[in-house]
Amino acid sequence: MLEEIHQKLVNNKKELDEWFLQKLENIEMPIYASVDVRYSGWKVSVVDANYFPAGFNNIPEESISNLSKSFKEYVELKFNCVSHIHLFPESHTRNTAYIENILKIRNLILKAGFKVTVGSPELNGYTLLEGITEDIELDHVTINEEDILQIEGIVPDLILLNNDLTGGLIGGLSGVVLPSVNLGWYKRRKSNHYQILEKIVGEVSDLLKIDSWLLMPMWFVSEEKCLELDTCINKLSNDIDLMIDRIKIKYNQYGIDSEPLVFIKNDRGTYGLGIISIKSGKEIKNLSKRMIKRLTYGKGGSSAENFLIQEGVPTSLNSESSVIEPVGYTIGGRESVWFFRSNSKKNKFENLNSSSSYFLQKNQLAKGVVDEKRMKLFDFISKLSYLAMGMESIQK
């Protein structure tokens, strides 16, 4: 199936290029973004898309120069005159991996030729962030009466936001900010992305004359904390069983020997928290209070309100006894830089984004795990998701 899709991508390259260019005419692609991809052997899908990527430290060093160039081109095309960019991070002062991410973003911006300052109101009590490779000196920020952020009385030309705003808006973000604060998790929902992506995938699938199911997971949204309310738990259980039945029909259609399952995710993000997989509606009725609490808990103690019920796409990729999944990062949404999440303590059906995960470069994988054809599929599916993100930002 995926072999056939790859061949269709090759045969229809001209039509696809024209289709992408037409779509991009009136869309502002994200300044940066990331996607998690699942490759099962019978389908390839983006299973998560993030406007505030926090893993730039995992990007291969040889890609930084091209990313810096793309960053410079993106900023100069959008703005007439930018020289000072302020990087606005999360408050993860003890998360050294996140600090390394901020360090890599800062260095990427510096390499692009811009002045960079780093800080936020939440970090004003700190003078530096202690990283692994080096520390980052923080700049003290002030906020004027118009809620404009300043560094020593100077307003930066652009704020690059690397804070997903799960807890809500933070002071000082009324200036020129990318990505838009409206894309923070206090307002955005995962399902927003899938509503738009579904239409895009449907359109490109028609162009290629393929089944759109091969390019994205089935999904629906359970609203108003259905996992905690007896009045709707039965409906949710029935809806899950209906989705499982729909997946079984597809499995039978394509001769797939695998057990269908769904993931239940917090529709507001965040960081792999609040995710479980189940194989029947009955399981949702029998969830323990501990599991309910796990699902309703979000980053920073925020509480989940709605849940994205998403078809589980198992990964068929393995390297050195660990299951893996591709992770794509972009500057400007035109192409991806790839690394791979690996987890030896999870199986092919489970969420790999946990404390036991680690990241590998392509050349660190076992031979033959990721070939040119698979990479072409990953690139294609990521571009569809970035396109959906661009459309999503217009609606905010």
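**Entry 1: second largest cavity**

I began with the lining of the second largest cavity, whose residues divide into eight nonpolar, no polar and no charged. I count Ala, Val, Leu, Ile, Met, Phe, Trp, Tyr, Cys and Pro as nonpolar, Asp, Glu, Lys and Arg as charged, and the others, Gly among them, as polar. The model is a predicted one, where local features need pLDDT of at least 70 and side-chain atom pairs count only at pLDDT 80 or more, while totals for chains, interfaces and linings use all residues. Residues are numbered from 1 along each chain as its sequence is written, and side-chain values use heavy atoms, with hydrogens and water left out.

I listed the lining as Tyr-32, Phe-56, Phe-71, Ile-105, Leu-108, Ile-109, Leu-160 and Ile-331. Helix α4 (residues 96–111) supplies the largest share, three residues. Helices (H or I, at least four residues) and strands (E, at least two) are DSSP runs, numbered from the N terminus. The volume is about 30 Å³, taken as the space filled by probe spheres set on grid points that are joined across faces, edges and corners. On a 1 Å grid over the protein atoms alone, a cavity is a set of points where a 1.4 Å probe fits but cannot get out, and a pocket is an open set with protein on both sides within 12 Å along at least five of seven lines; lining residues have an atom within 4 Å of a point.

**Entry 2: largest cavity**

I found two cavities of 30 Å³ or more. The largest has about 40 Å³ of space. Its lining is Asp-48, Ala-49, Trp-185, Arg-188, Lys-190, His-193 and Tyr-194. By class I noted three nonpolar, one polar and three charged residues. Here α5 gives the most, three residues.

**Entry 3: cores**

I looked up the largest nonpolar core, which has 83 residues; Val-44, Phe-378 and Leu-384 are among those with the most contacts inside it. Helix α9 (residues 372–395) gives the most to this core, 10 residues. A second, separate core of 36 residues includes Phe-56, Phe-71, Ile-109 and Val-327. Such a core is a set of buried Ala, Val, Leu, Ile, Met, Phe, Trp, Tyr and Cys residues joined through side-chain atoms within 4.5 Å; buried means under 20% relative accessible area, exposed over 50%, partly exposed in between (1.4 Å probe, protein chains only).

**Entry 4: sheet**

I traced an open sheet of four strands with parallel pairing, in the order β4-β3-β9-β10. Two strands pair if DSSP finds at least two bridges between them. Strands β3 (residues 84–89) and β9 (residues 158–162) pair over five bridges.
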